Amino acid sequence: MKKHNFYAGPSILPQYTIDNVAEAVKDFAGTGLSVMEVSHRSKEFIAVMDEAQQLFRDLLEIPDGYHVLFLGGGASTQFTMIPMNLMKNKSAYLNTGSWASKAIKEAKLYGEVVEVASSKEAIFNYIPRGYEVPGDSDYFHITTNNTIYGTQITEDMDCKVPLIADMSSDIFCRPVDISKYILIYGGAQKNLAPAGVTFVIVKEDALGKVDRLIPTMLDYRTHIDKGSMFNTPPVLPVFAALQTLKWLKGHGGLKEMNKKNIAKAGLLYDAIERNKLFKPTVKDVKDRSIMNICWVMNEQYAELEGEFFEFATAKGMIGIKGHRSVGGFRASTYNALPRESVEALIEVMQEFETSKA
Ligand SMILES: *Cc1c(COP(=O)(O)O)cnc(C)c1O
């Protein structure tokens with residue numbers, strides 16, 4: 001039976017990426033060695049690193065004056081590196097979920113943190129609007145896609161203070177106006193590569209403004225100066241990321257990806273709205289994520305939740321359990337998820353509805 005992979009992360013990758021990684025695990029770039037056993041200083045791997053950085057620039061149209069880094073530590077280490085490297089006295093954060101909350105907690109270790117707004121009281125089922133960002137903040141931090149709750153900010157906002165975004169789960173889902181941000185980061189395991197590599201896009205002139213002592217490994221400058229090769233980079237995940245970047249380029253780039261993602265998500269939201277058993281958790285259409293689609297049972301069918309999960313799983317729908325803090329269901333519709341998988345899920349939802357009618 002075909003499996004449809006809706007996991008939130010680690011999550012589906014293009015078959016192209018998986019095939020090329022499988023090949024390189026056996027023989028990397030004609031070296032006769034596995035990609036797991038070559039030096040990161042070998043000319044073959046340096047070429048991988050260079051091309052991955054270049055494709056990041058090409059696909060996202062990154063302007064001059066920005067660096068692209070591939071680091072370890074996950075997006076969670078960026079929660080610390082950002083305030084350490086960029087906050088002099090004060091920063092502002094938008095609290096749209098548990099990842100944002102974790103980022104706020106770390107920032108508080110380094111100075112004054114203003115939480116400009118939060119949707120916590122509604123289990124983060126909307127994106128707050130109409131807040132004020134203090135003009136003396138060193139930066140404003142947002143989480144563009146809230147993986148757990150299925151909300152997304154899809155506009156690159158104008159902000160009077162430097163803007164920073166956690167794009168762990170929506171990088172490459174749409175074109176981004178990089179010039180609106182001083183730093184964008186994310187773990188690769190949602191839309192790009194296996195777990196183990198973290199990408200950071202950072203503007204040169206945002207750095208060097210804080211006085212505190214920064215440990216070598218947590219200083220962006222260290223990694224910029226050494227082209228992400230200060231220490232051993234995550235070789236295999238970077239190789240895998242390069243394959244996904246090539247796949248993205250070969251499939252029409254980010255405009256095309258965005259179109260497909262909007263269409264896939266639209267299909268699924270419509271099917272949830274139409275189905276009498278279910279309702280989406282995010283009511284406001286403009287806040288709905290095109291990467292993680294969350295829904296629950298309608299009240300009168302609440303007792304069918306477990307049964308639907310078993311039913312769908314038995315039909316090959318993998319990873320649709322909602323995060324424990326939200327309950328219900330979540331289907332992640334990342335770039336590599338084919339439209340057919342969304343259609344298959346919708347069919348299963350309809351079949352279940354019919355069986356209960
Ligand atoms: C998964 C995720 C993280 C955490 O990433 P790690 O690489 O596991 O540290 C942070 N932010 C968002 C939005 C995520 O989806």
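Leaving aside its neighbours within four places in sequence, which residues is phenylalanine 56 in contact with? In this predicted model, phenylalanine 56 is in contact with Glu61, Ile62, Val68, Phe70, Phe172, Leu192, Phe199, Ile201 and Leu245.

- An open sheet is formed by seven strands, which follow the order β2-β10-β9-β8-β5-β3-β4 with mixed pairing.
- At the edges of this sheet are β2 (66-71) and β4 (112-118), each of which pairs on one side only, and neighbouring strands are turned by 15° against each other on average, direction ignored.
- Strand β3 (residues 90-95) runs parallel to β4 and is joined to it by six bridges; leucine 94 has alanine 117 in β4 as its bridge partner.
- Helix α2 (residues 43-60) packs on the sheet, where it touches β2 and β10 (198-203), and the direction of α2 makes about 130° with that of β2.
- Helix α3 (residues 74-86) also packs on the sheet, touching β2, β3, β8 (163-166), β9 (183-187) and β10, and the direction of α3 makes about 155° with that of β9.

**Helix pairs**

- The axes of α3 and helix α4 (residues 98-107) come within 8 Å and cross at roughly 40°, which means that α3 is oblique to α4; the crossing of these two helices is right-handed.
- On the α3 side of this contact are Ser76, Phe79, Thr80 and Pro83, which meet Trp99, Lys102, Ala103, Glu106 and Ala107 in α4.
- Helices α2 and α6 pack at an angle of about 40° with their axes 9 Å apart, and α2 is therefore oblique to α6; here α2 passes α6 in a left-handed crossing.
- Phe45, Val48, Met49, Glu51, Ala52, Leu55, Phe56 and Leu59 in α2 meet Val235, Val238, Phe239, Leu242, Leu245, Lys246, Leu248 and Lys249 in α6, and this list includes both Phe56 and Leu245, which are also in contact according to the opening description of phenylalanine 56.

**Backbone details in loops**

- The peptide bond from glycine 9 to proline 10 is cis, with omega near -5°, and proline 10 is found in the loop between β1 (4-5) and α1 (15-26).
- Alanine 29, although not a glycine, has a positive phi of about 50°; this residue has its place in the loop between α1 and α2, and with a relative accessible area of 54% alanine 29 is exposed.
- Glutamate 61, likewise a residue other than glycine, has a positive phi, near 50°, and lies in the loop between α2 and β2.
- Glutamate 61 is exposed, with a relative accessible area of 65%, and is one of the residues in contact with phenylalanine 56.

Methods. Residues are numbered from 1 along each chain as its sequence is written. This is a predicted model: local features need pLDDT of at least 70, side-chain atom pairs count only at pLDDT 80 or more; totals for chains, interfaces and linings use all residues. Side-chain values use heavy atoms; hydrogens and water are left out. Two strands pair if DSSP finds at least two bridges between them. Helices (H or I, at least four residues) and strands (E, at least two) are DSSP runs, numbered from the N terminus. Axes are lines fitted to C-alpha atoms, for helices over the stretch in contact, and angles run from 0 to 180 degrees between N-to-C directions. Contact means heavy atoms within 4.5 Å. Angles under 35 degrees count as roughly parallel, over 145 as roughly antiparallel, 65 to 115 as roughly perpendicular and the rest as oblique. A crossing is left-handed if the near helix is turned anticlockwise from the far one by less than a right angle, and right-handed if clockwise. Buried means under 20% relative accessible area, exposed over 50%, partly exposed in between (1.4 Å probe, protein chains only).
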